[in-house]
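Morning, everyone. I have one structure to go through today, so please look at the sequence and the model while I talk.

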Amino acid sequence: MSSALESAPSSPAAGRPPRPWLRLRRRPGRRPWFSGTVMAIFAFCGLFGSVVAPHDPDKVNLSQALKPPVFAGGTPTYLLGTDQLGRDVLSRLLTGAQVSFLVAAGAVLIGGAIGLLVALLAGYSGGRLDAVLTRVADASMAFPVVLLAIVIVAIYGKGVTVVIAVLVVAAWPQYARVLRSEVIRIRTQEFVTMSRVMGGGRFWAITRHVVPNTIPTLLVLATLQIGLAIIAEGSLSFLGIGVPPPAASWGNMLADGRNFLATAWWLPVVPGVALSLTVLAANLFGDWLRQALDPATRR
Amino acid sequence: MSEYILEAVDVSKSFHGRRGETTQALTGVDFGVAAGEMVGLVGESGSGKTTLTRILLGIEQPTSGTVRFRGTPRDRFTAEHRRDYFNSVSAVFQNPYSSLNPRRRLWDIITERRSIERRAPKAERRARAIELLSLVSLPAEYADRFPHQLSGGQRQRVAIARGLCEDPDVIVLDEPMSALDVSVSAQIANLLLDLQEKFSIGYIFVAHDMHMVRHLCHRVAVLLKGQIVEQGAVADVLGNPRHEYTRRLVAASELRSLEPEEERVHP
Ligand SMILES: Nc1ncnc2c1ncn2[C@@H]1O[C@H](COP(=O)(O)OP(=O)(O)O)[C@@H](O)[C@H]1O
Ligand SMILES: [Mg+2]
């Protein structure tokens, strides 16, 4: 490892094209087929999951318990099999997607909005208020999410709203930190100064110039946060401090299914795969977005 | 009462740094521009040229002294004065890569002043933008482009078009050519001259060498460490400099003009 690094400068690497995997990621005009498709499916299921679900996700039917998925010898009635109570896994997965989607959207929108507001306040005020806000953001970021969740659940009880609130508290400092430096970078650009020369006030500068120019960064942060929010919902529900059962959520399905890994593997694997694919797609999409938005907006 | 449209009267400016140190950027500066006059402002980098223009444009407040517009001090502006000032005083900045909002179309950038002032209809603003584009020799179809589709020289033309939008009486040009290469900056200089002839606008033209000033200006002021050491007609000041510093600036610019291909690097 270190020897390879050391030998690199002495080899005539300067004129060589970058390694294929590097080039692949940077090739301009590449469309994010995989991540885009997965994100679209996730959004669709998140909005209409319970509508398209073939069965009632909470309907217990013990005579049909632990049926395997259709591709593992099950029946087409239950495409992804059933769980120990005979509930349809596909229907639970689809309604669970709504929970994940709601949590992700809530955390991303509210966390992003708070983060942007704080960033504008800090980036425009400077001085003491800026220092205080930055300190608060740093402190919130250092606070462990799970501990925070336990505290909030102990006070308010479990629920989707609580999960979203926990994630908002965890997420806003991430936005605030990155966006604050963006705000400072943008507000000192000459087109913002010029808007003042033309009589535009602070509100004008913020709404017309600063905020629109933070949007690429905001979008990239948001897509990355979608992945984090979905994982966090899964983890909190898995630990029993997230969405209260019997409501279907991917985290609850994982928690219920973990005891069946040996006997009914599809119970943990199906929600696990759905969660991993969605998070992977969100991150890849965020990466793509960052590259796609960069050249046109930064000069 | 002087004949200046826009002037700084006995203006001083000091900046306070983080660690309590102060920078005296300007000391007792008297400087102004009359109608239709092209006045140069020269001095080495860090001499306070940009600070003086920012004070004239109202972006920075002077520590002491006043800025007068048509004889009225800035701090006694009524709403009427303010509107007149924003329509009559305009600017073109140094860096065409940061002076245009990358997320706006050119017609929208060029007529920004109109949408600040009042909700002007889009059709009217577009028509005005196309007029202005042709004034700066850019094709009308550029109205719907974004800044990143343009070269540096074209961007600077757009910035000039924006500066002209409300038929200003004064345009402050802070080193408008220093980010451009030699042939492009000559084209921009000619454009500025043409526009001046056409509309007889007052120019405050900032430069860190005297070459362009000799070519463009009627009058020139020389800044050294925040003070004006010499001010007068270009022929007098540059032809017969009285101050040692002016002599050095002239000599330096003559050296540079012998090597036109030399790459200009502005700090
Ligand atoms: N916002 C500021 N804060 C602190 N110092 C400044 C600021 N703006 C300018 N200065 C200082 O004022 C002096 C004059 O700068 P400037 O007006 O930009 O000079 P020029 O445009 O002639 O190169 C410099 O010493 C510069 O460091
Ligand atoms: Mg300057």
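Let me start with residues 97–286 of chain A, which are 84% helix and 0% strand, with the end C-alpha atoms 20 Å apart. Helices here are DSSP runs of H or I of at least four residues, strands are runs of E of at least two, and both are numbered from the N terminus. This is a predicted model, in which local features need pLDDT of at least 70 and side-chain atom pairs count only at pLDDT 80 or more, while totals for chains, interfaces and linings use all residues. Residues are numbered from 1 along each chain as its sequence is written, chains are lettered from A and ligands numbered from 1 in the order in which they are written, and side-chain values use heavy atoms, with hydrogens and water left out.

The range I opened with comes from UniProt, where an unreviewed entry annotates residues 97–286 of chain A as "domain: ABC transmembrane type-1". UniProt positions are given in the numbering used here, feature names are shortened, and annotations may be inferred rather than shown by experiment. The unreviewed entry also lists "transmembrane region" for residues 33–53, 99–124, 136–156, 162–179, 218–243 and 263–285 of chain A. I checked two of these against the model. Residues 99–124 of chain A are 100% helix and 0% strand, and their end C-alpha atoms are 37 Å apart. For residues 263–285 of chain A, the figures are 87% helix, 0% strand and 35 Å between the end C-alpha atoms.

Next, the surface of chain A. Which residues make the nonpolar surface patch of about 950 Å²? They are A:Phe34, A:Val70, A:Phe71, A:Leu79, A:Leu261, A:Trp265, A:Val269, A:Val273, A:Leu277, A:Leu280 and A:Leu284. A patch takes residues with over 30% relative accessible area and no salt bridge, joining like charges within 9 Å and nonpolar side chains (Val, Leu, Ile, Met, Phe, Trp, Tyr) within 5 Å. The areas come from the Shrake-Rupley method with a 1.4 Å probe, and for residues only the protein chains shown count as cover. Helix α11 (residues 266–297) of chain A gives the most to this patch, with 5 residues. A:Leu79, by contrast, sits in the loop between α3 (33–52) and α4 (89–125) of chain A. A:Leu79 is partly exposed, at 41% relative accessible area; buried means under 20%, exposed over 50%, and partly exposed in between (1.4 Å probe, protein chains only).

The loop between α3 and α4 of chain A also holds A:Leu66. Phi of A:Leu66 is near 55°, a positive value in a residue other than glycine, and A:Leu66 is partly exposed at 35%. Chain B has a positive phi to show as well: B:Glu175, near 45° and again not a glycine. B:Glu175 is in the loop between β7 (170–174) and α7 (182–199) of chain B. Is B:Glu175 buried or exposed? It counts as buried, at 5% relative accessibility.

On to salt bridges, defined as a side-chain nitrogen of Lys or Arg within 4 Å of a carboxyl oxygen of Asp or Glu. A:Glu182 is buried at 8%, whereas A:Arg185 is partly exposed at 33%.

In chain B, B:Glu244 and B:Arg247 form a salt bridge with the closest N and O atoms 3.4 Å apart. Both lie in helix α10 (residues 244–258) of chain B, 3 residues apart, about one turn.

B:Arg83 and B:Glu117 form another salt bridge, with a closest N to O distance of 2.7 Å. This pair links distant parts of the chain, with B:Arg83 in helix α2 (residues 79–88) and B:Glu117 in helix α4 (residues 112–117) of chain B, 34 residues apart. B:Arg83 is partly exposed at 36%, and B:Glu117 is partly exposed at 31%.

There is also a network of salt bridges linking A:Arg208, B:Arg104, B:Asp108, B:Glu112 and B:Arg125.
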